[in-house]
Amino acid sequence: MSDDIQGQIDAMRRRCNAAVFLASLRFHLAVGCVAAAVSVLAVRGFWAGGNRWLPLLGASAPVAFVAAWLRTRRRMVSPALAAGWLDRRTDAGGLLLALQDVAPESQAEWTPTAMTIIDRCDRPLPGFRAGRWLVRLLPWAAFLAAAVFVPQRDSESAQARFSTIGGQAVARLESKFEEIDKLGLLDEQERREVAEAIEKLSGEQAGAFDQKNWQALDAANERLDNRLAEARHALSQADRALDKMKGGASAGSGASPESAKQLAAALSRLAKSPLSKNAPADLKRQLSELEKRQAAGKDPLPSDPEELAKLVEDAKKFVEQSEGEMCQQGGEGEAGPSGQRSAGQSGGGGAGQKGLDDYDLPGKPEQEYDISKDKGGDGQGSQPPDGDGGWGRGGVNRGRGDAPMIWGDERKADGMKFKPRELPRGVIDQKTGQVVGVTVGNPQTGQPGSGGSGAAESHDPTAGGRVNRHDYSPAYRGAIRRYFSTGN
Amino acid sequence: MKLLSKDEIQRGQELVGRVVEGLNQIILGKRDLVEQAVVGLLARGHILLEGLPGLGKTELVKGLSRLLGLGFRRVQFTPDLLPSDITGTYILQESADGRRFVFHPGPIFANLVLADEINRASPKTQSALLEAMQERRVTVLGTTHDLPAPFFVLATQNPIELEGTYPLPEAQIDRFMLKLDVAAASTEVLEAIITTRQAGQPPALSAVLSAEELGEAFAIVDQVALPPAVANYISRLVTATHRDGGATTGPAAHVKFGASPRAAIALASAGRALALLRGKPNVGFDEVRALAEPAVAHRLVMDYSARLENIDGRSVVRSILASLGELEQEMPEELSRK
């Protein structure tokens, strides 16, 4: 073939190879843009590192060039194909194709004709369509650019969100444990076990707070609540027995045998209670002698009226002081000067109040929170809470529903059904109606609808003797939330 | 490979030009039809002319025979025509040596055979042409007789008269290199006909080519180059008519049986002849495109759905031509087409 025609075909071939390279480059750049954008989004979404790796994206561009070049090498345009494209473009009618492999004399004869045809064509070589090339690459590049501008994921806040519910619950348990521990209501073994449980639950906060964690948390909470309830019950009974004894003495009728018996039982229970460790030395001695007399089968109360009066007086002071301390530990600054907590606090709680009364105490004696027992404290704690349900202000009292509730994501609990679960034996002996007070477990619960609420929740044997209490798994928080959110 | 020289092409064009010029005097206003008929002859193929009565089909064939100076026979196909009426038969003759069978050749023993209204004969009679058209010889009672060279069959058929007609078998249709549709004449052509031909007869022309000159034209046609890329295009075109050629939608999906290899051979041969007519030393894509319909469409066997969709072989070929790239690979999109 003549040099002129061969030169035209070679030029066409080079141009076509360049176009093939550009097409391949566009493909690889598009793939690279998509891959880089997905990587950026993945890193931004799941990795809390910095952005120092971003320049690596620019460094990966040469990879696309190399890949495009390697791909182009396998798809190089052959001279025959370039001749065909040139033939079509110049409308040579196949002459350029025929001249590819013909005898020299034929080439010499037909080359001028072929050159005339090529020269007649305005643009025998096609131009590059740069605009089209860029437009086709633009969407993928825009995708990458948009991915780069996605804000970095805040891992700390996400982590905090993740462990908010569990962390708050553990923090409240820890706070409750410290306060009850200060009161000395826990023996050494219980103290150690609860501390270990709190430590373990604190370690679980970083991960998923699963059903076992919630159960362990509930168990520890209930153990502390039971201890607190037992102590309060002991104080309450002692207080009532002392009042009755004092009332009889002041009326001049003297103490009835039944009152004396109740007082002896109450003081015996108080002596066995961990609270007695905090009693004054004199009262400790008297209680110790009371136990000795009871162990010896004698009348546990002192026979000397003066000594009995002193014992009643000291015990009364200690009981009032202990109740005051428990209330102070439960809500510092919320109780009145008399140390009695207000009914308003017990009924509705209040935003920001954090104390023992915020905790769900099983079997909490109802009369302790009766408004008639309010000693007229004038501190902050005596003020009714704002909002719906404030005592003395009418409206619907939703109880602790007024407290701020923070709900996290509903925990996945496949296969679980929403039904009440009977708890293990609690502190009330169902046969006698007496408080056993030594078991750590939960109270015996009645069937739903078998007893009333309110007074029936009291541990007082005369007030129903059964506790209707249903322990719902935290998995049902969604249902509880819906219950409250619908204004029921 | 050697391309035809410009002198050879000029000589070929001059020879063929005489025939074309003469035919254009006989058949007015149908230059394409004349060109394709001459192409068929130069490619040494048989031609099937289809058209309504009175459009000049028979006159075209008769004119060709006169211009080429070839032996011409006309056979009017009728339903009672027998194969021996075409091929000839043995007749018992009395001679000095006694009685013996003597072969009396039929009308097929001619250079140019006009099979007028070929679809009026029964398939049995039509089949008598099979061996003659393909092998250019006939066998009668076990004896094979060669036909004179060159040998052409130019058949006509009427597409509207279906009563008493027999559709041509696929095997015979496949033996026709080109099937040419004869269209109706335009107003201007009709005006020229009635003003120049008072009795309706075309001008009586003498032969413009001798047998040697016709042979020379054949030799020149055979030397027209067929570039590999064009041959590849023809192959892909024929393959695309088959269902396994990838046609799943469009008219090509209605093809029951695609074109045979004869179609590719015919297209290449006819392309060479057309290239010579156009003064080119080689076949180009344009020649293939121009001849694809008459060379391929009649060979396609359509399925029943084609009739429902009103699709015929020509629409199939047109759709293939529209979708099939001339070169195996298109230019990169990054390059401008203009």
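Which residues do ring pairs link into a cluster with B:Tyr90? Keep that in mind while you get set up; we'll reach the answer at the last stop.

**Before you click**

This is a predicted model, where local features need pLDDT of at least 70, side-chain atom pairs count only at pLDDT 80 or more, and totals for chains, interfaces and linings use all residues. Residues are numbered from 1 along each chain as its sequence is written, chains are lettered from A and ligands numbered from 1 in the order in which they are written, and side-chain values use heavy atoms, with hydrogens and water left out.

**Stop 1: the two chains**

Colour by chain and start with A. Chain A has 16 helices and zero strands (helices are DSSP runs of H or I with at least four residues, strands are runs of E with at least two, and both are numbered from the N terminus). Of its 488 residues, 42% count as buried (buried is under 20% relative accessible area, exposed is over 50%, partly exposed is in between, with a 1.4 Å probe and protein chains only). The accessible surface of chain A is about 26,000 Å², and carbon and sulfur atoms hold 54% of that (areas come from the Shrake-Rupley method with a 1.4 Å probe; for residues, only the protein chains shown count as cover).

Now switch to chain B. You'll find 14 helices and 11 strands there. Of the 338 residues of chain B, 52% count as buried. Chain B exposes about 15,500 Å², with 52% supplied by carbon and sulfur atoms.

**Stop 2**

Select residues 188–203 of chain A. This is helix H10, with 16 residues and a reach of 23 Å from first C-alpha to last, close to the 22 Å expected at 1.5 Å a residue (the expected span is 1.5 Å times one less than the number of residues). Show the side chains of A:Glu190, A:Val194, A:Ile198 and A:Leu201, the buried residues of H10(A). Look down the axis: these buried residues fall within an arc of 65 degrees, so they line one face of the helix (the arc is that of the directions from the helix axis to the C-beta atoms). Over on the other side, A:Glu188, A:Glu199, A:Lys200 and A:Gly203 are exposed.

**Stop 3: a proline in a loop**

Next, pick A:Pro274, in the loop between helix H12 (257–272) and helix H13 (281–295) of chain A. Is A:Pro274 buried or partly exposed? A:Pro274 counts as partly exposed, because its relative accessibility is 31%. Beyond neighbours within four places in sequence, A:Pro274 is in contact with A:Gly184 and A:Leu185 (contact is heavy atoms within 4.5 Å).

**Stop 4: a covered strand**

Hop to chain B and select residues 112–116, strand S5. Five of the five residues in S5(B) are buried. In a regular strand, side chains alternate between the two faces of the sheet. Here, B:Leu112, B:Leu114 and B:Asp116 are buried on one side, and B:Val113 and B:Ala115 are buried on the other.

Strand S2 (residues 72–76) of chain B runs parallel to S5(B), joined by five bridges (two strands pair if DSSP finds at least two bridges between them). Strand S8 (residues 152–157) of chain B also pairs with S5(B) in the parallel sense, over four bridges. Click B:Val113 to see both links: B:Arg73 is a bridge partner of B:Val113, and in S8(B) the partner is B:Val153.

While you're here, find B:Ser65 in helix H3 (residues 57–68) of chain B. B:Ser65 is buried, at a relative accessible area of 7%, and its contacts beyond four places in sequence are B:Leu70, B:Phe72 and B:Leu112.

**Stop 5: a helix under cover**

Select residues 228–239 of chain B for H10(B). Its buried residues are B:Val230, B:Tyr233, B:Ile234, B:Arg236, B:Leu237 and B:Val238. Their cover includes helix H5 (95–98) of chain A, together with H11 (261–277), H12 (285–296) and H14 (313–323) of chain B.

**Last stop: the rings**

Back to the opening question: ring pairs link B:Tyr90, B:Phe103 and B:Phe109 into a cluster (rings of Phe, Tyr and Trp, using its six-membered ring, pair if their centres lie within 6.5 Å; planes under 30 degrees apart are stacked, over 60 edge-to-face, the rest tilted). Over all chains, there are four aromatic pairs by this rule. The ring centres of B:Tyr90 and B:Phe103 are 5.3 Å apart with planes at 55 degrees, so the pair is tilted.
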